[in-house]
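User: I am new to this structure and would like to go through its contacts and helix packing.

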Amino acid sequence: MAPAAWVCLLLPLASAIVIAIAGTSISRRTAAYVSTLTTMGAFVAAVVAFLALLGQSPEQRSHVTTSWTWLSAGGYHFGLTLLVDQLSIVMMLIVAGVGSLIVAYSVGYMDGENEERRYFAYISLFVFSMLLLVEGGNLLLLLAGWGMVGLSSYLLIGFHQDRPSAVAAAKKAFVMNAFGDATMALALFLLIQHTGRLDYAGVFASSPTGGAVANLIALGLLGGALAKSAQLPLHTWLPDAMEGPTPVSALIHAATMVTAGVYLIVRCHPLFEKAWAVQDLAAGLGAATLLMAGLIALVQTDIKRVIAYSTMSQIGYMFVGAGLGAYPNAMFHLMTHAFFKALLFLAAGLAIHAVAGEQDIRKLAGIGKLMPQTKIVFLIGSLALVGIFPFAGFFSKDSILAAALDHGWYGDVIFAAGLAGAFLTGLYAFRLFFIVFTGEPSAFAREHHHAQHGKEGPLSMRWTVGALALLSCVGGLLQFAPIWHPLSTWLNPVDQSLIEPSSWQEWLTSAGAIAVGLAGIGVAWAIYGAKRMQAPHALRLFEHKFYWDELYDLVWYRTSDAVARGFYALVERPLIAGSLSAVTGAVGLGSRELSLAQNGLVRSYALALASGLAILAVVFLAVR
Amino acid sequence: MANFIVWVVWVVAAFACLASALAVVSFSNPFYSALSLIGNLASLAVLFLLLAGEFVAAGQVLVYGGAVMVMFLFVIAYLGDRTDESPWSGGPSWQVVGAVLAGGAILAEVCVVVGLKAGGFLSKPAHIGRSFGSPESIGRLFLTDHLVAFEVTSIVLLVAAVGGVVLGSHARQIEGDART
Amino acid sequence: MHGPDIQWYVILAALLFTTGALGVMLRRNPLIILLSVEIMLNSANLLLIAFARLHGREDGQIFAISVMAVAASEVVVGLGLIVAMGRRHVELDVDKLRTLRG
C-alpha cells in the first residue's frame, strides 16, 4: 500500500531526472517511451494501492506514511509524509490514468518537434508534482506540489520558447499562480500560528472556528484555488496558456492541474466549513465564472481557446459543488471532466496536427469530412460536455445542479446560473462542432490536410483518443445519484456531503439540464449547422473577454508603471544616479592619488614593511 | 673569574659584530662590504658559542662565512668594479627620514619590551646539560622531531639550485640573442 | 650561565636588525641590499639561539639552521638575478628598476 504510493510518486520523478541527465545520449523516441512507461507504471501503482484500499474496511482506509522529517524549524517538524485515503486515491487514479493516456498521445503528437526530450522531461516533472500535490500528507507538501505544478505548467506553456506569445503566456500564468501561492502560504502561516502544525488531521481538529482568523485562512486557501483553477477573478491566464502544445493543454490545463483548486477545497473542507461565508463565496465565484466563460466561449475563434473557456466554465460547476458542500459531486464532475475535456483537447489536437498547427476554426472549417473518426470522438466529447444522457457529463453536472436546489435562495440563484450555463455550454460546444466538423471542408483544410500518418494520425494518438472516448461514454455510469452512488459512499469517510438532494430534485434537474442543453444544441444547429451563418454580430464585451485583461492592465500595470516612472524621475535620477557619479568620481580621484604610492621603488616598499612592523608592535604593546 | 672572562669575550664580540654590520651597510664598495660581513658572521659565531650553540656556530662559519660568502665575492669579482654606479643613497628625501624613523621606532620598541614587559623572565635561563647544542643532539632532533623540516629544507635548496641555473642560462640566452 | 643575560642578546639582535633594515631601505646597490638582508637574517638567528638557550630546548637551533638554508637559497636566487642584470648591462641601482610603478 505505502510502497505502491511511493512508487507511484517517484517513478515520474525518476523519469524526469533520467531524461534530463541522459540528454542527447538517448534518442527522442527513447525519452518519449521512458516518460510514457513511467507514467503508466505510476498508474499501475495507483491501481495496486486502490485495490489494497478496497480490501480494507472504510474506517481504516486512511494511511499516513512518513519517510523522514523533511523540514524542521524551531518546534515545528514537517515530515515527507504521504497520505493515501479515499480522496487522494481517486485523484491519483485520475492524474496517473489520464496522464498516461495523454503522455502516450504526446509520443505521436510531439514527433518531429525539435526538443522532444525537454518536453518529456517537463511532463514527467509535472506528473510527479501533481502526484505530490494530491498525495502530500500535510499542507506544506501540498504547497510544495502546488508550486511545482505551477513551475512545470510555466515550463510547458513556454515550451515553444522561440515564440514570444508563448513566453508571455507562460509568464502570465506563472505570475497569477504565484499570487495564489502567496495567499495560500499566508493561510498556512496563520494555521501554523494558531495550531502549530500542518498535517491535515491535526489542522482540521484544532483550527479556530468562525471569526476573522478562520475566514482569513479559508480566504487564503481560496485564493490559491482560484488562481490554480482559473476562476474569477484570477482566470485570465488560462486562455493564454493554450500557447503550450495541445497535450499539455489537455493534461495540465484541462484534466488535472486546473482542477487542483477543487481538490484543495474538497480536501480542506473542514477549514472551509468553519468559514461558511468563504465557502459560499467560492460557490458564487464558480457560478459567475461558469456564466462568464460560457459567454466568452461563444465568440472565440481559436479552437483551443474555446475549449479552454469551456474548461473554466466546467471548473466553475465544480466550484459550485465544492462551495455548496456537495464534495462527492464535485469530485465526480472533476473525474468525468478529466475524461471528456482531455478527449476534446486531444481530438482537437488530431485536427490541429493534421493541418500543421492551424488553430483558427474558420480555417479548420469542415475538416470533419476529411477526418470522420475524429468527428465522432469530438461529437462524443461535446455531448459529454453538454451533459446529454448517457454521456459522462450528464451524471456529474446534473448532480451538482441538484445539490444547488437544496441550499436555500442562494442555491436557487446558483441553480439558475448553472442552468443558463448549461444552455451556453450546448451553444458554444456545438457552435464549435458544427463549424469545424460539419459542412464542406474549407480550402485551407483541404490544402493542408495530409494523410501521411494513416488517415487521422499516428496509432499512439488514435488509441489514446479512443480510450478517452470510451471513458467519456461510460465513465458517468459510475454514479447516478438517484439510483446508485458508489463514489459518494467511497468518499463518505473523508468528505461527507453536506447536501442530500431529494429524488424529485435530481429528476427535475436532470430533465431541465438536458432540456436546456438540447435547446443550446438546437440554437447552435440553427445558426451554424443548418445555415452555416457567420458568427452573428458578436458583442464587443464578449470579444474582449469582459475587459478583464484591460482592467488588470489598468489597475496593476499602468499604476505600477506610473509609480516606477515617478520614482525614476524623482529618486533614481537625481539621488541614486547623482550619488553614484559622485562616488565613482571620489573613488577615481582617491585611486589616482593612491597610485602615486606605488612608485616602483623597492626600497620604499621595504620602508612600508618596516613602518607597518613598527606600528603593529605599538598596537600589540598597547593592547596587551 | 669565568664570568668576567665571558663578559669580556661577549663585549668584544658584540662590538665587532655591530661595527662590522655598520661597515657592511656603509661601505660604498660591495667588495669591502662583503669582507665586513665575513667579520660579522665570525663574531656572531662567537656569540653562538657563548649560547651553547656549538653546531650552529660551526655551521655558521663553514657554510655561511665559507661557502656563501665565497659565492658573494665571486659574483662581485665577476661584475667588476662598479662603485661609480652605486651611489651611497639618494632617492626621495622622505625615504631617508622615514627609514631612520622606522628603524629607530623598532629599536625603541624592542628596548621598551625588554626593559618593561619582560619582567625579569629573560634573566632566568634554564639549566642545560653538557650535550646541549652538540652535533649529536642536533642531528638526533633533525632525524626525529623535525624530520619534515629537514626534508623540506632539502627541497628548498634544490629549488634554489634549479632557480640559479635557470637564471644563469636565461642570461646566457639573452647574450646569445644579443650577439645574433 | 656565565656572561650577560639574554636581554643583552635581544638588544644586540635588535641593533643588528635595525642596521640591516636601514641598509635595505637606504642603499641602492642590490649587492649591498642583499648583504644587509643577510645581517637581518643573522640577527633573527641570534635571537633564535638566545631563546633556545633561555628555554633549554634545542628546537630554536634547528630553526636557526633551517633559516641558514633558506638564506643560502635566497642568496643563490638573489645573486643569480644580479648576475643576470650584470650580463644585460643593467645599471646596478634598484631605483632604476621601476617598471612596477603604478
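User: How many residues does the contact take from chain B and from chain C?

Analyst: This is a predicted model, in which local features need pLDDT of at least 70, side-chain atom pairs count only at pLDDT 80 or more, and totals for chains, interfaces and linings use all residues. Residues are numbered from 1 along each chain as its sequence is written, while chains are lettered from A and ligands numbered from 1 in the order in which they are written. Two residues are in contact if their C-beta atoms, placed from the backbone, lie within 7 Å. The contact takes 78 residues from chain B and 65 residues from chain C.

User: Which element gives the most to the side of chain B that touches chain C?

Analyst: Helices are DSSP runs (H or I, at least four residues), numbered from the N terminus. Elements giving two or more residues to this side include helix H1 (2-26) and helix H6 (147-179) of chain B. With 14 residues, the one that gives the most is H6(B).

User: How are H3(A) and H4(A) oriented, roughly parallel or roughly antiparallel?

Analyst: The axes, lines fitted to C-alpha atoms over the stretch in contact, have angles that run from 0 to 180 degrees between N-to-C directions. Those of helix H3 (residues 86-109) and helix H4 (residues 116-135) of chain A come within 9 Å and cross at roughly 170°. Angles under 35 degrees count as roughly parallel and over 145 as roughly antiparallel, so H3(A) and H4(A) are roughly antiparallel.

User: Which residues in H4(A) does H3(A) meet?

Analyst: On the side of H3(A), the residues include Ser88(A), Met91(A) and Gly99(A). In H4(A) they meet Ile123(A), Val127(A), Met130(A), Leu131(A), Val134(A) and Glu135(A).

Definitions and conventions
Angles under 35 degrees count as roughly parallel, over 145 as roughly antiparallel, 65 to 115 as roughly perpendicular and the rest as oblique.
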